[in-house]
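Work through the exercises below with the sequence and the model at hand. Each task is followed by a solution in steps.

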Amino acid sequence: MKSLCLFFLFILLSAISFAQKGIIKGRIYNVKTNQSIESATITIQGTTISSFSDLNGNYIFTGVEPGFKRVVVSSIGFETTISPEFQVQGNQITFIDVVVLESSTQLAEVTVKKSFNLKKIDSPLSLIRIGVQEIEKSAGTNRDVSKVVQSVPGVGATAANRNDLIVRGGGPSENVFYLDGVEIPVINHFATQGSSGGTIGVINPDFVREINFYTGAFPANRGNALSSVMEIKQKDGSKDKIHTKLSVGASDAALTIDGPLGKKSTFIASARQSYLQFLFSAIGLPFLPTYTDFQLKNKIMLNAKNELSFIGIGAIDDMVLNTGIKNPTEIQRYLLAYLPIYKQWNYAVGTVYKHFSENYFDTWILSRNMLHNANYKYQDNDDNLPKTSNYASDEAENKLRFERSYPDMPVKLLIGGSLKYAYYTNDTYRKLYSNNAVSELNYSTRLNLFGYQAFAQVSDEYFNNYLKLSLGISISGNNYNLNMKNPFNQFSPRLSASYALSGKIDLNANVGRYTMQPSYTTLGYRNSAGILVNQNENLRYIVSNQAILGFEYRPAEKMRISMEGFYKQYQHYTLSVGDGFSTASKGTEYGQVGDEELISTGKGRAYGIELLFKIMDINNLNLTYTYTYFRSEFTNMAGIYYPSSWDTKYLSNLTANYKLPKNCNISIRQRFVGGVPNTPIDAVLSSKKTAWDIQNQPYLDYSKFNSLRLSHTHIVDIRIDKEYYFKKWVLNLYADIQNVFNFKSEGSSIYTNLDENGQPVTDPNDSSSYQLRKIESLGGSILPTIGMIIKM
């Protein structure tokens, strides 16, 4: 009956929907002066449909077929520019403003080429641009920015329910994120403090215009990154009227509103609320997560030379335990025994001021971000008994950054700097087991930190623009200790080069030295005596020396083939004094990482080769295939290299998207990941009752660190979309099926001290030890999702 009703609903919607077409409006202006460009030619990419900008730089296209588009802008005296990707929907106006750069070579006439090589001169390789189509229609991602990025060359992932980014063999803490130039440390719900991962993305995809994702060759103004930089460019609110967009999925619902606030101001705002806890409770999962997030952007054109934007994003996360499960399974008992209760919230707010002059333009960014992270565990999950652990921490940063760009001097020049004041608190109580004895760690930290950065980047073109060079320099530091105060210890140069062998083939290269401050959880850690044991000269910024070489071949206008080889050498990586191994292999668990005694004597290396083949909208088909072979190794306390926890060796991704007739779309994603290194447990230590009862989990045998390897993972996802266009609103229905072949992935072995009835089992040969039993753990199941998106 349900299937029959859905069938008749589909027929009814198809009958009453209209074949509406869309409108594109926008403005063309000079990136340096903000002045409108008159008589520019604007062409819808891949077509012969063109328009021209008027005296105020405005242009319009009417009667545009729905779909994902780009426009190409060309004008005498300016570089040919391709806009970010945008979506045209029936009976809707899409606004897309395009900034253009004055050309260093004044052309007598404009020649629009069939193939555009518009890479950034400062980062000619290791940069992937992700458009809205990949975010909106990719299978298996649920419009989650972090999951979409996991298909980029060189990007690995951890568990299927995690958003950790493992880029070119680096740890998950080595990534930084920017939202319209405002740095945001947290982009995921249930974030791991001291790292960058989590479970579900916070970024609302309705805000995203384009993502620039760097896996290397980082610009000088993007500091504190060793593995990746994600620049998220947001849309402005609509200029015509107030629009409302409602998105309802299997786990949450979101409302987005955007529109004008007078003639010179626009806004876009959203709120999202999950109802995942009800689903988890109904199917009997042992944990019940709840999340809420908010996002806001307000842009004000003060006058022709000045604009102001207000940016805001925040999230609230709670996870409680489902202790009311009747007749729990062994895995449910295991999870309930060790998982704590989590309470977390975070926000980032910023003001971006831009001033345009005749010869340069300035950007001032004043921002603040804060993370509150708390978790606690009661003995036997009984709140009438004492807590076995209790953690509460706040970390806040206040930042001021200034950038000045000279785009048309004899060389292109970018200069700037930033100041930072950080405040970190931590109140920790937990029991520990070491040296055959139980101890308690109980401390409070209040830490104030001042930091700074200064940078410059100079770029130029030679030999009739065949050779492009860019040199960047950055220095940074803080007042934590003498090593970190000295800016020359964090001296960070980088050099990029690109040479055009022909109109279709480029050779690209980059070398650079990058630095990253240790996490606040490390800087603020105290031992049982209350001493900041890491505040000495043994703790330093982590350093990564990197070299990248690659080529790019464009055999056709909408086809791209590239190959890159990379080598990353790490110095001063933090090592755990407790287990003797690198923190590079940590950071994908819930809670926090880095809150322990560490020293900066570790080394590491990651190297590999990446292949990319991309087809862009050829006969309604978009297809991307990437393959990465890499190795990732870090030293222990003895200086011996071991595989990192991300050393899967192989990454293979195929994503395809095909536009069907009648506004339908089908997409597929196939992902193959090699086996993850794994560490066996220390059976003797884990079975001791005093040791087990502290964490209700086995202890790893670090003498055999990552000596095992799990089996590979192979996942296939499929998504189908259907859009309906009515006179005043748009309806998008979709079905997404993750892991359609029901692949069972091997996970780390689970051990329990309980029998099948949930009673502890004592070792018959040693009354002070439990008799542990191994539980097979295979993850993965078919996960179907249906949803709808309504725009008015």
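**Exercise 1: Strand pairing**

With 4 residues between them, strand 42 and strand 43 form a hairpin. The model is a predicted one.

Task. Determine in which sense strand 42 and strand 43 pair, and over how many bridges.

Solution. 
- Step 1. Locate the two elements: strand 42 covers residues 713-725 and strand 43 covers residues 730-738.
- Step 2. The pairing is antiparallel and runs over 8 bridges.

Solution. 
- Step 3. Ala 735 has Ile 786 in strand 50 as its bridge partner.

**Exercise 2: The surroundings of Asn 732**

Task. State whether Asn 732 is buried or exposed, and list what Asn 732 touches beyond four places away in sequence.

Solution. 
- Step 1. Asn 732 is a residue of strand 43.
- Step 2. Its relative accessibility is 6%; buried means under 20%, so Asn 732 counts as buried.
- Step 3. Leaving out residues up to four places away in sequence, Asn 732 touches Lys 137, Asp 721, Lys 722, Glu 723, Gly 787, Met 788 and Ile 789.
- Step 4. With one of these, Asp 721, there is a polar contact between side chains, at 3.4 Å.
- Step 5. Lys 722, also touched by Asn 732, has its charged end over the ring of Tyr 724, 5.1 Å from the ring centre.

**Exercise 3: Aromatic pairs**

Task. Classify the ring pair Tyr 443 and Tyr 525 as stacked, tilted or edge-to-face.

Solution. 
- Step 1. The structure holds 25 aromatic pairs.
- Step 2. In this pair the ring centres are 5.6 Å apart and the planes stand at 80 degrees; angles over 60 count as edge-to-face, so the pair is edge-to-face.
- Step 3. Tyr 443 belongs to strand 29 (residues 437-462), while Tyr 525 is in the loop between helix 7 (520-523) and strand 33 (542-556), so the pair ties together parts that are 82 residues apart in sequence.
- Step 4. Tyr 443 is buried, at a relative accessible area of 3%, and Tyr 525 is buried at 10%.

Solution. 
- Step 1. The centres lie 5.7 Å apart and the planes are at 45 degrees, so the pair is tilted.
- Step 2. Tyr 629 is in strand 36 (residues 621-635) and Tyr 650 in strand 38 (residues 650-660), so parts 21 residues apart in sequence are tied together.
- Step 3. Tyr 629 is partly exposed, with a relative accessible area of 31%, and Tyr 650 is partly exposed, with 35%.

Task. Find which residues ring pairs link to Phe 581 in a cluster.

Solution. The cluster consists of Phe 581, Tyr 642, Tyr 702 and Phe 705.

Task. Give the distance of Arg 162 from the ring centre of Tyr 590.

Solution. Arg 162 lies over the face of Tyr 590, and the distance to the ring centre is 5.3 Å.

**Exercise 4: Salt bridges**

Task. How many salt bridges does the whole structure contain, and which parts does the bridge between Asp 206 and Lys 245 tie together?

Solution. 
- Step 1. A search of the whole structure gives 43 salt bridges.
- Step 2. In the bridge between Asp 206 and Lys 245, the closest N and O atoms are 3.0 Å apart.
- Step 3. Asp 206 lies in the loop between strand 17 (200-201) and strand 18 (208-214), and Lys 245 in strand 20 (residues 243-248), so the pair ties together parts 39 residues apart in sequence.
- Step 4. Asp 206 counts as buried at 6% relative accessibility, and Lys 245 is buried with a relative accessible area of 15%.

Solution. 
- Step 1. The two form a salt bridge whose closest N and O atoms are 3.9 Å apart.
- Step 2. Glu 397 is buried at 8% relative accessible area, and Lys 420 counts as buried at 18%.

Task. Which residues are linked with Asp 180 in a network of salt bridges?

Solution. The network links Asp 180, Asp 236, Lys 297, Lys 299 and Glu 307.

Notes
Residues are numbered from 1 along each chain as its sequence is written. This is a predicted model: local features need pLDDT of at least 70, side-chain atom pairs count only at pLDDT 80 or more; totals for chains, interfaces and linings use all residues. Side-chain values use heavy atoms; hydrogens and water are left out. Rings of Phe, Tyr and Trp (its six-membered ring) pair if their centres lie within 6.5 Å; planes under 30 degrees apart count as stacked, over 60 as edge-to-face and the rest as tilted. Buried means under 20% relative accessible area, exposed over 50%, partly exposed in between (1.4 Å probe, protein chains only). A charge sits over a ring if NZ of Lys or CZ of Arg is within 6 Å of the ring centre and within 35 degrees of the ring normal. Two strands pair if DSSP finds at least two bridges between them. A salt bridge is a side-chain nitrogen of Lys or Arg within 4 Å of a carboxyl oxygen of Asp or Glu. A polar contact is a pair of N or O atoms within 3.5 Å; within protein, one must be able to donate a hydrogen and the other to accept it, and residues adjacent in sequence count only if both atoms are side-chain atoms. Contact means heavy atoms within 4.5 Å.
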